Amino acid sequence: MSILKIENLEAKIGDKQILKGLNLELEPGKVHAIMGPNGAGKSTLSKALVGHYDIELLGGNIIYKGKNINEMEPEERALEGIFLSFQHPVEIPGVNNAYFLRTALNAKRKHEGKEELNSAEFLRLMRDHLEMLGMKSDMISRSLNEGFSGGEKKRNEILQMLILEPDVIILDEIDSGLDIDALRAVSEGINKMKDGKRSFLVITHYSRILDYIQPDYIHVLKDGKVIKTAGPELVAQLEDTGYDAIEEE
Ligand code: ADP
Ligand code: MG
Ligand code: MG
């Protein structure tokens, strides 16, 4: 049984069709990596899964936990446990990072019928994670992503993931532009979230992060479709021959 099943998905941005009949199934507890050339539609796929308003679905189905979510609002998808770390996290001046995160967490807890965390309880949780991720404590009081370095933004995305504890985690180029220490911290955060139940969709251009987080499956996305699915051994082949040599299965 898959936690997320994407059937024949077709989607456009503006006037341009980007996803052209994409099929993909995420298994519970598994790490799925998506690799593919620039412009193939990787970010479009990730946005389609969280219901981003730039994307218009033209056909196909997104089935999450057995239910079609094509029409579900982005906020609802987040409450239901779908998380996306954007390739380019937005800066939101004036919105305090800790306040933002506590609001998001408490909305999710409420949705799940759990008690909300007060600010002291939340700060304790946030501090534990900051330390683990090697982030400075001023991340609590700063505005969301404002003036954050590339590495700080990506660590902050992982912080959100750790705190929100989603069931499906989509990471769009979480590794791009990271130095080796940031890559380690980010990978450690991801590995900490592996619990045998939740699923990961890791979009990347580089095999480096895959050394740390050990994917179960590699999917090649090209021209709006998944053209090949294989085990981790495919990474070495891709490094060797590039995407052009991969034929559609
Ligand atoms: P990838 O993440 O695989 O590099 P994207 O999904 O970002 O690819 O982009 C797929 C195609 O959609 C590209 O040709 C890109 O130029 C186009 N595209 C992406 N975002 C927009 C947008 N907001 N408006 C118009 N075209 C877009
Ligand atoms: Mg790209
Ligand atoms: Mg992209």
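This is a predicted model: local features need pLDDT of at least 70, side-chain atom pairs count only at pLDDT 80 or more; totals for chains, interfaces and linings use all residues.

Trainee: What is the bridge partner of Ile82 in β9?

Mentor: Val168 is the bridge partner of Ile82 in β9.

Trainee: And the faces of β6, which residues sit on which side?

Mentor: Ile82 and Leu84 are on one side, Phe83 and Ser85 on the other. All of them are buried, and both faces of β6 are covered. In a regular strand the side chains alternate between the two faces of the sheet.

Trainee: Next topic. What is the strand order in the open sheet of 4 strands?

Mentor: The order is β2-β1-β4-β5, with antiparallel pairing. β2 and β5 are the edge strands, and each pairs on one side only.

Trainee: Over how many bridges do β1 and β2 pair?

Mentor: Over 8 bridges, in the antiparallel sense, with β1 spanning residues 4-13. One pair to look at: Lys12 has Gln17 of β2 as its bridge partner.

Trainee: Now the ligand. How many residues surround ligand 1?

Mentor: 13 residues surround ligand 1. The closest are Gly39, Ala40, Lys42, Ser43 and Thr44.

Trainee: Which element gives the most to that shell around ligand 1?

Mentor: α1 does, with 3 residues. Both β2 (16-26) and α1 (42-50) supply at least two residues of the shell.

Trainee: What is the make-up of the shell by class?

Mentor: The shell around ligand 1 has 7 polar, 3 nonpolar and 3 charged residues.

Trainee: Which domain does the UniProt annotation give?

Mentor: The record says "domain: ABC transporter", covering residues 4-248. The entry is unreviewed. Over residues 4-248 the chain is 36% helix and 29% strand. The end C-alpha atoms of that stretch are 22 Å apart.

Trainee: On to helices. How far does α3 reach from its first C-alpha to its last?

Mentor: Helix α3 (residues 97-111) reaches 21 Å with its 15 residues. That is close to the 21 Å expected at 1.5 Å a residue.

Trainee: Which residues of α3 are buried?

Mentor: Asn97, Leu101, Arg102 and Leu105 are the buried residues of α3. They cover an arc of only 115 degrees around the axis, so they are on the same side of α3.

Trainee: Why would that spacing line up?

Mentor: An α-helix has 3.6 residues a turn, so residues three or four places apart point the same way.

Trainee: How many residues of α8 are buried?

Mentor: The number is 0, of the 8 residues in helix α8 (residues 234-241), so α8 lies largely in the open. After α8 comes Gly242, with a positive phi near 80 degrees.

Trainee: Which way does phi go for Lys65, positive or negative?

Mentor: Phi of Lys65 is positive, near 50 degrees, and this residue is not a glycine. Most residues other than glycine have a negative phi. Lys65 lies in the loop between β4 (55-64) and β5 (67-68). Lys65 is partly exposed, because 16 other C-beta atoms lie within 10 Å, and buried would take 20 or more.

Trainee: What about phi of Gln214?

Mentor: Phi of Gln214 is positive too, near 45 degrees. Gln214 is in the loop between α7 (208-213) and β11 (217-222).

Trainee: Is Gln214 buried or exposed?

Mentor: Gln214 is exposed, with 12 other C-beta atoms within 10 Å. The cut-off for exposed is 12 or fewer.

Conventions. Residues are numbered from 1 along each chain as its sequence is written. Chains are lettered from A and ligands numbered from 1 in the order in which they are written. A residue is near a molecule or strand if its C-beta atom, placed from the backbone, lies within 6 Å of it. Ala, Val, Leu, Ile, Met, Phe, Trp, Tyr, Cys and Pro count as nonpolar, Asp, Glu, Lys and Arg as charged, and the others, Gly among them, as polar. UniProt positions are given in the numbering used here, feature names are shortened, and annotations may be inferred rather than shown by experiment. Two strands pair if DSSP finds at least two bridges between them. The expected span of a helix is 1.5 Å times one less than its number of residues. The arc is that of the directions from the helix axis to the C-beta atoms.
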